[in-house]
Amino acid sequence: MTDRAGGVRDAAGVVVAGGRSTRMGTPKAALEWHSSTLLRRVTGVVARAVRGPVIVVRAPGQDLPALDPRVLVREDPEEGGGPMVGLAVGLAAAAGHAEVAFVCSTDLPFLHSAFVTAVLRGFDTAPAPDVVLPVVGGFRQPMAAGYRTALVPRVGKLVDAGRAKPAHLFEEVAVRRLDENALLADARLAEADPALDSVVNVNTPGDYRAARERPAPEVVVERHGALATGNGGAGPRRVLAATVGAAAERVGLTLDGHVVAAINGERVHGDAESPLEAGDIVSFIPAVSFSPGDLAH
């Protein structure tokens with residue numbers, strides 16, 4: 001199920017962006033996050049872990065911040081339906097593309113792609129589960145979990161019957177629970193997110209302030225060709241940056257049509273808001289001279 005790049009084939013991502021955000025007092029999706037937004041970050045992180053589409057489920061008429069144009073947007077049929085309604089909409093949209101999907105809320109600022117991959121690998125066990133459910137600190141994490149897209153009819157029936165909580169679904173299907181030890185048995189996740197901060201959410205202004213005060217991820221920046229002059233020379237530099245654009249700024253570059261950026265030697269990015277994770281290697285190359293061989297290490 002896993003490809004050479006560490007992402008998961010035949011998997012999609014669903015990010016539920018609706019909800020009243022009553023405790024926060026403002027829509028969480030649009031909260032600023034290191035010159036980007038929470039929704040842009042979460043969708044970008046999920047996209048790094050799946051090869052299927054990433055689908056955002058919004059409330060009816062909800063305004064969303066700018067997203068990667070590859071992200072699909074679907075809408076809840078009515079406001080205030082709860083996470084199960086968003087789950088049904090997202091899984092239905094993903095069903096034509098993938099057998100399984102990682103489903104999460106938009107308020108997970110420290111979500112790491114290694115966590116998404118570790119959860120989705122839980123479907124590889126026998127007997128095959130319908131849901132892969134992380135349990136961290138004794139708490140189930142239904143909005144940072146894996147679901148089979150074939151569950152759409154079952155979820156719809158539960159919603160229609162007024163049993164619109166994820167716990168009701170878990171009573172009726174095969175669930176594989178992953179506690180801390182099971183999650184951290186994944187070597188990449190153990191290195192990238194040993195505290196499992198991937199499930200830390202922000203529900204109140206205090207939560208958001210505390211999260212925003214944490215430093216941005218530490219990444220390595222490399223400059224190639226004519227860009228490898230001035231402001232520290234040609235060698236790699238460690239900087240704190242949550243986005244590709246911020247990484248460029250840290251080394252005195254502007255991410256524009258003259259500069260090509262790549263993360264970990266793969267997938268060229270031109271979007272300054274593309275999210276970065278701790279340990280990433282960000283390469284900047286003059287666009288006029290770019291070729292895939294420029295990223296060989």
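**View 1. The largest nonpolar core has 33 residues, with V46, F102, L111 and F115 making the most contacts inside it.** A nonpolar core here is a set of buried Ala, Val, Leu, Ile, Met, Phe, Trp, Tyr and Cys residues joined through side-chain atoms within 4.5 Å; buried means under 20% relative accessible area (1.4 Å probe, protein chains only). Two or more residues each come from β1 (11-16), α1 (38-49), β4 (54-58), β6 (100-105), α3 (113-120) and β7 (131-136). Helices (H or I, at least four residues) and strands (E, at least two) are DSSP runs, numbered from the N terminus. Helix α3 gives this core its largest share, six residues. Please keep in mind that this is a predicted model: local features need pLDDT of at least 70, side-chain atom pairs count only at pLDDT 80 or more, and totals for chains, interfaces and linings use all residues. Residues are numbered from 1 along each chain as its sequence is written, and side-chain values use heavy atoms, with hydrogens and water left out.

**View 2. F115 and its partners beyond four places in sequence.** With contact meaning heavy atoms within 4.5 Å, F115 meets F102, P134, A144, L183, L189, L196, S198 and V199. Elsewhere, a second, separate core of 26 residues includes V14, A93, V155 and V173.

**View 3. Helix α2 (residues 83-94) packs with helix α4 (residues 152-160).** Their angle is about 155° and their axes are 9 Å apart; axes are lines fitted to C-alpha atoms, for helices over the stretch in contact, and angles run from 0 to 180 degrees between N-to-C directions. The two helices are therefore roughly antiparallel, a term for angles over 145 degrees. On the α2 side, M84, V85, L87, A88, L91 and A92 make the contact, and on the α4 side V152, V155, L158 and V159. These contact residues comprise ten nonpolar, no polar and no charged, where Ala, Val, Leu, Ile, Met, Phe, Trp, Tyr, Cys and Pro count as nonpolar, Asp, Glu, Lys and Arg as charged, and the others, Gly among them, as polar.

**View 4. L158, a residue of helix α4.** L158 counts as buried because its relative accessibility is 4%. Beyond four places in sequence, L158 touches M84, R163, A164, H168, L169 and E172. From L158 to M84 the C-alpha to C-alpha distance is 8.6 Å, although 74 residues separate them in sequence.

Note on methods:
Angles under 35 degrees count as roughly parallel, over 145 as roughly antiparallel, 65 to 115 as roughly perpendicular and the rest as oblique. Buried means under 20% relative accessible area, exposed over 50%, partly exposed in between (1.4 Å probe, protein chains only).
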